[in-house]
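Let's take a friendly walk through a protein chain. Have the sequence and the picture ready, and look things up as you read.

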Amino acid sequence: IQADGTDGNCITFVLHDEDHTLGNSLRYMVMKNPDVEFCGYCITHPSESKINFRIQTRGALPAVEPFRKGLNDLMGVCQHVLNTFEVRHSWRSQG
C-alpha cells in the first residue's frame, strides 16, 4: 500500500501469517539503514495473523529497497546463528 502523494518512498507492506517475531526483528534490520526515516509495524488485530509493516525513506529511495535489504540481512543473521548452533552441537556429540 503506497501512501498518497509519494513516489514509493512511503509504503505499508502487509505480511500474512506473521507476528512480532518477524516484525520486530525486521524493523531492527531496516532501521540500521541511514536512509530510512521511519519504520514500524503493528498487528492489525489479535485474531488475525498479519502485520502492517511501514517504511518511509528519505529522498527518492524507494521503500521496497530497504525492505528487501532488511529481509536479506535478517536471513543472513539467521543462517549464521543456525550454522554456529550446528557446529557447536556436532562438536559436543562427537566428544
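## The big picture

Keep in mind that this is a predicted model. The chain contains 2 helices and 3 strands, and if you follow the sequence along, they come in the order β-α-β-β-α.

How does the chain's radius of gyration line up with that of a compact globule of 95 residues? The globule would come out near 12 Å, while this chain has 17 Å. Its C-alpha atoms fill a box of roughly 60 × 35 × 15 Å along the principal axes.

## Surface and contacts

Of the 95 residues, 25% count as buried. The chain exposes about 6,600 Å², and 54% of that comes from carbon and sulfur atoms.

Now for who touches whom. Take the contacts with a separation of 6 or more: residues 24 or more positions apart account for 54% of them.

## The nonpolar core

In soluble globular proteins, nonpolar side chains tend to be buried together. Here, the largest nonpolar core has 14 residues. Among those with the most contacts inside it are Phe-13, Leu-26, Phe-53 and Phe-67. Which elements give two or more residues to this core? They are β1 (10-16), α1 (20-31), β2 (36-43), β3 (50-57) and α2.

Leaving aside neighbours within four places in sequence, Phe-53 is in contact with a list of residues including Ile-11, Phe-13, Leu-26, Val-30, Tyr-41 and Phe-67. Thr-12 is on that list too, and that's our next stop.

## Thr-12, in a strand

Thr-12 sits in strand β1. Is it buried or exposed? Its relative accessibility is 12%, so Thr-12 counts as buried, as the cut-off for buried is under 20%.

The side chain of Thr-12 makes a polar contact with the side chain of Arg-54, at 3.0 Å.

## Thr-84, in a helix

Thr-84 belongs to helix α2, which covers residues 64-94. Thr-84 counts as partly exposed because its relative accessibility is 30%, and that label covers values between 20% and 50%.

What does the side chain of Thr-84 reach? It reaches the backbone oxygen of His-80, at 2.9 Å. For a sense of distance, look at Asp-17: Thr-84 and Asp-17 are 67 residues apart along the chain, and their C-alpha atoms are separated by 28 Å.

Definitions and conventions
Residues are numbered from 1 along each chain as its sequence is written. This is a predicted model: local features need pLDDT of at least 70, side-chain atom pairs count only at pLDDT 80 or more; totals for chains, interfaces and linings use all residues. Side-chain values use heavy atoms; hydrogens and water are left out. Helices (H or I, at least four residues) and strands (E, at least two) are DSSP runs, numbered from the N terminus. Buried means under 20% relative accessible area, exposed over 50%, partly exposed in between (1.4 Å probe, protein chains only). A polar contact is a pair of N or O atoms within 3.5 Å; within protein, one must be able to donate a hydrogen and the other to accept it, and residues adjacent in sequence count only if both atoms are side-chain atoms. A nonpolar core is a set of buried Ala, Val, Leu, Ile, Met, Phe, Trp, Tyr and Cys residues joined through side-chain atoms within 4.5 Å. Contact means heavy atoms within 4.5 Å. The radius of gyration is taken over C-alpha atoms; the globule rule is 2.2 Å times the number of residues to the power 0.38. Accessible areas come from the Shrake-Rupley method with a 1.4 Å probe; for residues, only the protein chains shown count as cover.
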